[in-house]
Amino acid sequence: MQKTQVPIDRYVKVGSINIRYWMMGSENPIILLHGGQGSVEFWLYNIGTLAKSNCVYALDMVGSGRSDKPQASYSLTYQAQFIKDFMDTLEIESATLIGNSMGGGAALQLALLFPQRVNKLVLVDSMGFGREIALGIRLTTLPLLIRLLRPSRRLLAPMLKNNFFNPQSIPSEWIELRYPIFALPGRKPALMAMVKTNFHLLGVRSQVFRPILSQLATITAPTLIIWGKQDRIIPVAHAYIAAKTIPNARLHIFDRCGHHPHLEYPEKFNNLVLEFLAFPSRQ
């Protein structure tokens, strides 16, 4: 199998925060937002195809990947404001936001706070539609568990099993690219803040998802909701809540798929997104 070309790392100062990002293509800005404690590597198999007809940015969100990890709340509102600041810094007036998991929650929050900055939304197994979330994430709200966590290759197998329907479908080259990010030092304080702000033992905190749910009907951006039917992190039931409540939304469920459809079925995912983007945006 031919190795995928990895985009070059770029860095930009957003205020005082140094941010790592990838950029490919021109015209029609798209911003790719990974999930909590993810990184740009999650979009390795999407950015090149999407960039053939768009200008695509994938960034390590504040507190994640190789970006700076300041002391902060890491609430969805904080993350949404950061995305806006990133857009301002790179002079991106408006963009399509494609967000996975917590990145989807941040994209939703941005669409609610700054609707004029969002052309279209693609929500991929997104946070924001209910309390339910995987037990493993709920358990990370126990501070002792995070303190004892030591990144190792032994942890990769159970993590992959939890995140993907078929872990064997994920190329080894991706695992080799992602592991060094997963093992970076200095992750724990940001991870602990992110977990404490957004989750408790019962799931997603009410103050995180209820304000979003109550405003979903006001979203004006055309929205594509994509979900893995066998998602073990955020249940597929949330996809139907989103599709029922967001006014201008369409829904696609990938069968035999977990929390990251863009990694398990990149070609189908890319085609679906490009088809959605081909339709005119709202005026």
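1. Strands and helices here are DSSP runs (E, at least two residues, for strands; H or I, at least four, for helices), numbered from the N terminus. Two strands count as paired if DSSP finds at least two bridges between them.

2. A word on the basis. This is a predicted model, in which local features need pLDDT of at least 70 and side-chain atom pairs count only at pLDDT 80 or more, while totals for chains, interfaces and linings use all residues. Residues are numbered from 1 along each chain as its sequence is written, and side-chain values use heavy atoms, with hydrogens and water left out.

3. Strand 4 deserves a look. Five of the five residues of strand 4 are buried, so this strand is largely enclosed by the rest of the structure. Buried means under 20% relative accessible area, exposed over 50%, and partly exposed in between (1.4 Å probe, protein chains only). Both faces of strand 4 are covered. Cys55, Tyr57 and Leu59 are buried on one side, Val56 and Ala58 on the other.

4. Next, the neighbours of strand 4. Strand 2 (residues 17-24) runs antiparallel to strand 4, and four bridges join the two. Methionine 24 has valine 56 of strand 4 as its bridge partner. Strand 3 (residues 29-33) pairs with strand 4 (residues 55-59) in the parallel sense, over five bridges. Here isoleucine 31 has tyrosine 57 of strand 4 as its bridge partner. Leucine 32 stands opposite alanine 58 in strand 4.

5. Strand 5 (residues 95-100) holds threonine 96. Threonine 96 is buried, with a relative accessible area of 6%. Leaving out residues up to four places away in sequence, threonine 96 touches Pro29, Ile30, Ile31, Asn119, Lys120 and Leu277. Contact means heavy atoms within 4.5 Å.

6. Strand 5 and strand 6 pair in the parallel sense over five bridges. Isoleucine 98 stands opposite valine 122 in strand 6. Strand 5, helix 3 and strand 6 form a right-handed β-α-β unit. A crossover is right-handed if, with the strands pointing away from the viewer, the path from the first strand over the helix to the second runs clockwise.

7. Strand 6 (residues 118-124) has six of its seven residues buried, so it is largely enclosed by the rest of the structure. Strand 6 also pairs with strand 9 in the parallel sense, over four bridges. Leucine 121 stands opposite threonine 223 in strand 9.

8. Strand 9 and strand 10 pair in the parallel sense over six bridges. Threonine 223 has alanine 249 of strand 10 as its bridge partner. The chain crosses from strand 9 through helix 10 to strand 10, in a right-handed β-α-β crossover. Axes are lines fitted to C-alpha atoms, for helices over the stretch in contact, and angles run from 0 to 180 degrees between N-to-C directions.

9. Now the helix pair. Helix 2 (residues 76-89) and helix 3 (residues 102-113) pack at an angle of about 75 degrees, with their axes 8 Å apart. Helix 2 and helix 3 are therefore roughly perpendicular to each other. On this scale, angles under 35 degrees count as roughly parallel, over 145 as roughly antiparallel, 65 to 115 as roughly perpendicular and the rest as oblique.

10. Which residues make the contact of helix 2 with helix 3? Helix 2 contributes Leu76, Thr77, Gln79, Ala80, Ile83, Lys84 and Met87. Helix 3 contributes Met102, Gly105, Ala106, Gln109, Leu110 and Leu113. By class, the contact has eight nonpolar, four polar and one charged residues. Ala, Val, Leu, Ile, Met, Phe, Trp, Tyr, Cys and Pro count as nonpolar, Asp, Glu, Lys and Arg as charged, and the others, Gly among them, as polar.

11. Serine 101, in the loop between strand 5 and helix 3, has phi near 60 degrees, a positive value in a residue other than glycine. Serine 101 is buried, with a relative accessible area of 11%. Aspartate 125 lies in the loop between strand 6 and helix 4 (135-139). Phi of aspartate 125 is positive too, near 45 degrees. Aspartate 125 is buried, at a relative accessible area of 0%.
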